[in-house]
Amino acid sequence: MFLRPSTIAAMHDPSPPASRLPPSLALPASLEAAIRAEIAAAGRIPFARFMDLALYHPEWGYYLAPERRPGRPGDFLTAPETHPFFGIALSRQIAECWERLGQPAPLVVREYGAGSGALAWDIVAGLAAQAPPCRAALEYRLVEANPRRLQEALAAFAAEGLGDVVRGEVIAANADPEPIVGVALANEVADAFGVHRLIWRAGGLREEWVVWRGDRFAAEEGELSPEAAAADPEGMLREHGIALEEGDRIEVSPAAAAWFASVARGLRRGYALVIDYGYPALELYSAHRLSGTVRAYRGHAVGDDPFADVGEQDLTAHVDFSALRRAGEAEGLVFAGQTTQGAFLASLEMGDLLVALGREPATTLPEYLAAQAATLRLIDPGGMGRFGVLMMAREAPISPPPRGFTVQPLRF
Ligand SMILES: C[S@@+](CC[C@H](N)C(=O)[O-])C[C@H]1O[C@@H](n2cnc3c(N)ncnc32)[C@H](O)[C@@H]1O
């Protein structure tokens with residue numbers, strides 16, 4: 001049941017990726033040279049800029065390189081890459097949103113950072129099996145920074161006869177998306193925006209800039225960049241009653257907040273759902289995370305040197321869900337729920353899917369055991385189950401709580 005077509009992974013479009021950076025940056029012959037050129041011109045760059053270049057340089061950025069990432073052969077597994085149960089369970093929440101919105105046709109699902117299209121496939125399949133009238137109303141839009149990956153995904157859906165249901169949507173830089181009635185969705189996207197790395201020194205925040213020293217990139221402390229200062233991080237700490245101590249490190253991402261504000265403006269009526277590794281500010285900036293949360297992923301191993309193997313490793317930082325919520329509220333969204341991925345998937349009764357798989361005569365033992373292990377990984381409160389889930393709404397019912405927010409998260 002619910003098998004993704006092999007074409008999801010197999011299609012390849014040789015067209016070159018479009019640039020989200022000035023073309024002049026494509027001139028140096030490697031990512032390292034491109035970043036060094038920018039540092040040479042400016043003297044130093046904020047870590048947020050370094051991260052943006054490392055991930056999204058049009059030619060060599062981690063996410064814009066031709067290899068398929070993430071995935072089993074890649075550097076880490078996201079929830080949809082772990083098992084189709086994730087998307088099938090999520091489709092139950094989408095079906096409920098459709099009911100709450102009064103069964104609009106079309107129901108637009110706009111998925112940001114859709115990657116290979118795996119989550120889209122599972123949601124479409126989940127709706128087809130569990131909520132056919134909602135599936136009939138569905139218009140699914142993939143938004144993906146990597147145009148090559150987007151073309152691959154769209155070709156795969158077209159090959160399966162779903163070209164009229166799943167389409168690509170290009171949102172021009174600095175422009176807002178067309179307002180939709182439906183659900184805006186982003187899984188593991190918010191943690192891939194550049195962050196400013198800040199450190200508490202002598203009663204105030206300083207910023208870690210990136211310089212080139214000797215033969216490698218290095219950090220250098222200085223005053224806050226204008227972008228970081230505009231986010232008023234000290235005001236944010238005061239607002240949440242957070243007192244830092246000498247040497248404590250935090251990150252802020254004005255880019256992630258600006259992105260979520262744009263997500264909000266793209267909703268005429270409906271729900272925004274963000275799933276990612278992160279916490280509300282009070283939890284995020286608590287003692288045991290004050291050494292910073294920037295992490296590098298390569299070959300399914302996690303490291304903490306963002307300056308190693310630039311462009312060959314993924315860089316992430318925990319998401320400040322309070323900052324996203326504030327950005328959404330500033331655009332007129334209202335809070336609909338926040339929980340953990342484990343509680344969210346439990347609320348959506350993902351376990352039923354495993355039981356149903358076990359009852360199917362065609363299911364083999366290895367297939368069942370793999371699904372069982374994946375189910376555990378997705379809800380494990382010490383693993384992916386810890387991820388945060390935030391839902392906000394515009395002109396859409398928030399009471400009673402949406403279905404995914406009914407089981408209370410485990411705390412330990
Ligand atoms: C960690 S991957 C997650 C992919 C997929 N959502 C999943 O869960 O498997 C992040 C994806 O977001 C894309 N991305 C990052 N920023 C984006 C943006 N502003 N708009 C659209 N896609 C973006 C990247 O190219 C990459 O494919």
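The legends below describe close-up views of a predicted model.

View 1. An oxygen atom of the ligand lies 2.6 Å from a polar side-chain atom of Thr-78, and an oxygen atom of the ligand is 2.7 Å from an N or O atom in the side chain of Asn-187. A nitrogen atom of the ligand lies 2.7 Å from a backbone N or O atom of Gly-113. Of the 590 Å² of accessible area that the ligand has on its own, the protein covers 94%.

**View 2. The salt bridge between Arg-201 and Glu-221.** The side chains of these two residues meet at 2.7 Å, N to O. Because Arg-201 lies in strand β6 (residues 196-201) and Glu-221 in strand β8 (residues 216-222), the pair ties together parts that are 20 residues apart in sequence. Arg-201 is partly exposed, at a relative accessible area of 29%, and Glu-221 is likewise partly exposed, at 31%.

**View 3. The salt bridge between Asp-305 and Arg-216.** The two side chains meet at 3.0 Å, N to O. Asp-305 lies in the loop between β13 (301-303) and β14 (314-316), whereas Arg-216 lies in strand β8, so the pair ties together parts that are 89 residues apart in sequence.

**View 4. The salt bridge between Arg-403 and Glu-349.** The closest N and O atoms of this pair are 3.0 Å apart. Arg-403 counts as partly exposed at 28% relative accessibility, and Glu-349 is partly exposed at 39%.

Definitions and conventions: Residues numbered from 1 in each chain as written. Predicted model: local features only at pLDDT ≥ 70, side-chain atom pairs only at ≥ 80, totals over all residues. Heavy atoms only, no water. Polar contact = N/O pair within 3.5 Å; in protein donor to acceptor, adjacent residues only side chain to side chain. Areas by Shrake-Rupley, 256 points an atom, 1.4 Å probe, with all protein chains shown as cover. Salt bridge = Lys/Arg side-chain N within 4 Å of Asp/Glu carboxyl O. Helix = DSSP H or I, 4+ residues; strand = E, 2+ residues; numbered from the N terminus. Buried < 20%, exposed > 50% of the residue type's maximum accessible area, 1.4 Å probe, protein only.
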